[in-house]
Amino acid sequence: MKTFALKSSIQTLLIAALFSAPTFSVTAQQPEKITPPEVKIDPVPVQTKAGVLTSFAPIVEKVAPSVVTISTTKNVRNGSRENPLFNDPNFRRFFGLPDPSPDQPPAPPKRGGNGQKNDSMQKQDLGLGSGVIVSGDGMILTNNHVIEGADDILVSIGTNDQKYKAKKIAGDPGTDIAVLKIDAKDLKAVTFGDSEKLRVGDVALAIGNPFGLTQSISMGVISALGRGGMGIVNYENFIQTDASINPGNSGGALVDLEGRLIGINTAIFSRSGGNQGIGFAVPANLAHSVMDNLIKNGRVVRGYLGVQPDAITEDLVPFFKTKDRRGALVSRVEPKTPAAQAGIEVGDVILEVAGKRVEGPRELRLHISSMAPGSKVELKLMRDGKEKVLTVELGELPAAKADNKVEEPKDEVPDVLDGVTVSDLDPATRKEFDLPEDAQGVLVTAVDPDSPSAAADIRRGDLIHEINRQPVSNSKEAIELSDKLKAEKKVLLRISRKGASRYVVVGQKD
């Protein structure tokens, strides 16, 4: 419509000009002979000269043969066919489309023209995505969500129409990384860069197949490093870039100006459905480590420490005598774990793991999970205002904990102890509050809804384990200790809920 309106407007102007132009006679003259100028033509493509980058073409030519298109199908009984992009979770999330409910019953089978049930199977397009060739014999790195749930996976290389049937080697939902294999030889494998050496502001190119448009290139910069806490996957340490990433780019390459792989494009953030310059990629180092695990073990074997880490709020700093909010506060040590055997205690603040800084719980989890079970690791921690170094031999993360998302605790609003009623644990209360036999602590049986305790999210059924770092095992001890602390402006509680332990500061802000 816009093109049509534009043409109509131009035609109207031309017609108006013809009818309004004055009429006059012109004596015919011979036109002056003009010779076309000789135009200088330089057929050499744009290149990088004298250290000045004038084109990204050489980089694209180097990397593009290593980026593939992935299409997936699923066997269904008479399912309706729809655009495969609608099955990409990023497409659905950022274009405001609801995800299909896992509890939704399957649609009734369609019937043929004779009214009889038609139980024949057919293939339904499941999704489109991208991948990166990492070995000449056909090993491909991509996102797990690109191939999850697929019965058949087809791969095409570059703009070549030939399709290869791919085998899924393994996938890791925790990082959204998966490995495929196609039967091919002499393929162009990508070269990995060191994502640990990236800097905010470095130029980055995203190469993939957005909306099925093969071999599309977009350019931007590294906007941020170490992004997490967004709930996309369990182990988040994303590279953020403003290079355009759209549905279909998932699993594609994010490369630097040397054409080295620095990330696997994974997700986008958009409120409007269009590109807003916020894309996320799994760092190449993490993707490489996960890939090696998947190929060797068929799954990712992660290190295990055995603590419940908590974030340090401004209110917690003085209680644990830390210099700032950096570090992961140990709110629980699981019994018979590497942490317990190494002497880590509740209330310790872990500052470094094997020389790497720990800003908070997320970094602790990433560092530990990236190490192999059996590794002996030095931990630097703060205990009662003094630094200590402990050596711990990591265990293997139990399967039951591997896929559980751990949300980082939010900063707590200080509260007061008034309005909380407590009780001892006995068989009756354990049954009423569905507490296990080995649960210990002082039971919160009531919380005044108008009290600061309620505002701080202390709830009926919580267990109190410590008050101002002093253990309490029964209601009498808790009440007596609370009475002694009435004059205090701030009090520290360690509580647990459904087995998850945490610290809460009680009091009014200064």
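Q: Why is Tyr503 called buried?
A: Its relative accessible area is 3%. Buried means under 20% relative accessible area, exposed over 50%, partly exposed in between (1.4 Å probe, protein chains only). At 3%, Tyr503 falls under the 20% limit, so the label is buried.

Q: What limits apply to the values in this model?
A: This is a predicted model: local features need pLDDT of at least 70, side-chain atom pairs count only at pLDDT 80 or more, and totals for chains, interfaces and linings use all residues. Residues are numbered from 1 along each chain as its sequence is written, and side-chain values use heavy atoms, with hydrogens and water left out.

Q: What is the mean pLDDT of the chain, and where is the pLDDT below 50?
A: pLDDT is the predictor's confidence in each residue, from 0 to 100. The mean of the chain is 76, and 72% of its residues reach 70 or more. Residues 101–118 are below 50, and this stretch has 9 contacts (heavy atoms within 4.5 Å) beyond near neighbours in sequence. Residues 406–416 are also below 50, with 34 such contacts in the model.

Q: Why is the pair of Phe238 and Phe280 given its class?
A: The ring centres are 5.8 Å apart, within the 6.5 Å limit. Phe238 is in strand β9 (residues 238–241) and Phe280 in strand β12, 42 residues apart. Strands (E, at least two residues) and helices (H or I, at least four) are DSSP runs, numbered from the N terminus. Phe238 is buried at 1% relative accessible area, and Phe280 is buried at 5%.

Q: Why is the pair of Phe320 and Tyr503 given its class?
A: The centres are 5.0 Å apart and the planes are at 75°, which is over 60, so the pair is edge-to-face. Phe320 lies in helix α6 (residues 317–320) and Tyr503 in strand β26 (residues 500–507), so the pair ties together parts 183 residues apart in sequence. Phe320 is buried, with a relative accessible area of 3%.

Q: What makes Arg365 a charge over the ring of Tyr235?
A: The rule asks for NZ of Lys or CZ of Arg within 6 Å of the ring centre and within 35 degrees of the ring normal. The charged end of Arg365 sits over the ring of Tyr235, 4.4 Å from its centre.

Q: How do you know that helix α8 is mostly covered?
A: In α8 (residues 361–369), 8 of its 9 residues are buried. Among them are Leu364, Leu366 and Ile368. The buried residues of α8 pack against several strands, including β8 (216–227), β15 (328–333) and β16 (349–353).

Q: What makes β3 and β6 a strand pair?
A: Two strands pair if DSSP finds at least two bridges between them. Here 4 bridges join β3 to β6 (residues 177–182), and the strands run antiparallel. Leu141 stands opposite Val179 in β6. In β3 (residues 139–142), Met139 and Leu141 point one way and Ile140 and Thr142 the other way; all are buried. In a regular strand the side chains alternate between the two faces of the sheet.

Q: What makes a nonpolar core, and which residues touch the most other members of the largest?
A: A core is a set of buried Ala, Val, Leu, Ile, Met, Phe, Trp, Tyr and Cys residues joined through side-chain atoms within 4.5 Å. The largest has 27 residues, and Leu141, Ile177, Val255, Ile264 and Leu294 touch the most other members. Helix α5 (284–297) gives the most to this core, with 4 residues. Apart from it lies another core of 20 residues, among them Val307, Ala342, Leu379 and Leu381.

Q: What stands out in the phi of Asp176 and Lys321?
A: Asp176 has a positive phi of about 60° although it is not a glycine. Phi of Lys321 is near 55°, also positive in a residue other than glycine. Most residues other than glycine have a negative phi. Asp176 is found in the loop between β5 (163–172) and β6, and Lys321 lies in the loop between α6 and β15.

Note on methods. Rings of Phe, Tyr and Trp (its six-membered ring) pair if their centres lie within 6.5 Å; planes under 30 degrees apart count as stacked, over 60 as edge-to-face and the rest as tilted.
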